[in-house]
Amino acid sequence: MATIRKRNDKWQVQVRRKGFSPRSNSFERKRDAERWAAEQEKELDGLAARGLRNTLECTETIDTLLLRYCAEILPRKRSAHRELYMISAIRRRPIVKAKAQAATARMFADYRDARLREVRAASVVRELGVLHHLFEIARVDWGYLLLPNPLRDVRRPKLPPGRARRLSEVEERAILGAAGDLRNPYIGRIIKFALATGMRAGEILNARWSDLDVEARVLFLPITKNGKPRTVPLSKFAMDAIPISENGSGDLIYPVTYDALVQAWKGITVRLSIADLRFHDLRHEAISRLFERGFQIPEVMLISGHTDLRMLLRYTHLSARKLVEKLDCEK
């Protein structure tokens with residue numbers, strides 16, 4: 001039974017049903033309170049019909065759920081360091097103080113709009129994705145079956161077109177030269193290897209000697225972003241970037257942390273005054289070069305690990321100048 005009353009210029013509504021914890025909320029308009037009450041009663045009717053009375057109900061704040069997510073879920077994820085960074089940003093927002101059970105789509109829509117004034121749309125989409133996953137984990141894995149997922153009704157920001165940044169020959173020479181001057185001897189090799197293989201930074205940094213076949217010139221990747229292992233063929237340029245003389249001296253081919261690589265890359269590009277070039281752009285560059293050399297789509301997908309042609313094409317930015325020679329070869 002729903003009870004609606006006005007207090008301090010707000011309409012307060014409480015829904016009570018035997019076998020369920022009371023639900024309450026407040027609204028500025030009475031019709032919004034009535035609509036919410038009707039929705040809650042309809043949901044409770046459905047839960048009662050499914051025999052879900054006395055089910056565990058979530059009384060935690062969003063922040064408490066995020067902390068549990070960090071402790072129990074993140075350690076099992078390959079993207080843990082990136083998600084932890086996003087969660088740290090989310091936890092600085094006032095929305096995390098709200099009770100998860102009382103969270104609404106409107107609250108997260110306001111969160112989305114506020115964040116869009118601070119960071120790029122892609123960052124907001126990823127943060128909303130983490131929050132959506134959090135509510136699903138809480139509902140399915142942690143037993144809070146009565147916890148709705150308000151993120152289902154929050155529209156994601158429109159993403160801008162994919163990056164089309166290409167690496168020029170002058171920039172490549174300058175970057176490799178600057179990397180060679182660093183105290184860390186692996187940074188330059190990692191950059192060369194990325195350009196030769198199109199592998200992601202995480203894949204390169206997790207590459208192990210035990211997965212490298214020097215004679216066959218292939219590297220097996222048991223763990224990738226899409227969850228599907230793949231074997232990457234290695235060119236002579238790629239093999240030259242591998243410190244073969246150190247084989248057996250450790251587990252990892254490139255014993256460098258992700259943060260160290262990012263800081264080294266940032267230092268190089270700033271020192272050389274190279275604007276708008278990210279390490280991940282090397283993957284774009286490598287894939288584009290494969291197409292320019294005449295590789296077919298299935299061959300490039302085998303090397304890059306893409307399973308979606310649309311995503312592969314987002315990574316491909318061919319140079320019109322380099323296609324002129326192919327046009328001249330036409331009969």
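**Close-up 1. The loop between β1 and β2.** Asn 8 is exposed, with a relative accessible area of 69%, where exposed means over 50% relative accessible area, buried means under 20%, and partly exposed is in between (1.4 Å probe, protein chains only). This residue lies in the loop between β1 and β2, and its phi is near 55°, a positive value in a residue other than glycine. Asp 9 is found in the loop between β1 and β2 as well; its phi is near 65°, again positive in a residue other than glycine, and with a relative accessible area of 65% Asp 9 is exposed. Strands (E, at least two residues) and helices (H or I, at least four) are DSSP runs, numbered from the N terminus.

The model is predicted, so local features need pLDDT of at least 70 and side-chain atom pairs count only at pLDDT 80 or more, while totals for chains, interfaces and linings use all residues. Residues are numbered from 1 along each chain as its sequence is written, and side-chain values use heavy atoms, with hydrogens and water left out.

**Close-up 2. The open sheet β1-β2-β3.** Three strands form this open sheet in the order β1-β2-β3, with antiparallel pairing; two strands pair if DSSP finds at least two bridges between them. The edge strands are β1 (2-7) and β3 (23-27), each of which pairs on one side only. From one strand to the next the twist averages 20°, an angle taken between axes that are lines fitted to C-alpha atoms, on a scale from 0 to 180 degrees between N-to-C directions. Strand β2 (residues 10-15) is joined to β3 by five bridges, and these two strands run antiparallel. Within this pairing, Val 13 has Asn 25 in β3 as its bridge partner.

**Close-up 3. Aromatic rings.** The structure holds four aromatic pairs, where rings of Phe, Tyr and Trp (its six-membered ring) pair if their centres lie within 6.5 Å, and planes under 30 degrees apart count as stacked, over 60 as edge-to-face and the rest as tilted. One of them joins Phe 27 and Trp 36, whose ring centres are 6.0 Å apart with planes at 50°, so the pair is tilted. Both Phe 27 and Trp 36 are buried. Between Phe 108 and Phe 135 the ring centres are 5.9 Å apart and the planes stand at 90°, so this pair is edge-to-face. The pair links distant parts of the chain, with Phe 108 in helix α4 (residues 105-116) and Phe 135 in helix α5 (residues 121-140), 27 residues apart. Phe 108 and Phe 135 are both buried.

Close-up 4. Helix α4 has twelve residues and reaches 16 Å from its first C-alpha to its last, close to the 16 Å expected at 1.5 Å a residue; the expected span of a helix is 1.5 Å times one less than its number of residues. Among the buried residues of α5 are Val 124, Leu 128, Leu 131 and Phe 135, and the buried residues of α5 pack against α2, α3 and α4. An α-helix has 3.6 residues a turn, so residues three or four places apart point the same way.

**Close-up 5. Leu 176 and its contacts.** Leu 176 lies in helix α6 (residues 169-180). Not counting residues up to four places away in sequence, Leu 176 touches Gly 188, Ile 191 and Lys 192, where contact means heavy atoms within 4.5 Å. Leu 176 and Lys 192 are 16 residues apart along the chain, and their C-alpha atoms are separated by 7.7 Å.

**Close-up 6. The open sheet β4-β5-β6.** The strands of this open sheet come in the order β4-β5-β6, and the pairing is antiparallel. At the edges stand β4 (212-213) and β6, each with a single partner strand, so one side of each is left without a neighbour in the sheet. Two bridges pair β4 with β5, and Asp 213 stands opposite Val 218 in β5. Four bridges join strand β5 (residues 218-221) to β6, where Val 232 is the bridge partner of Leu 219.
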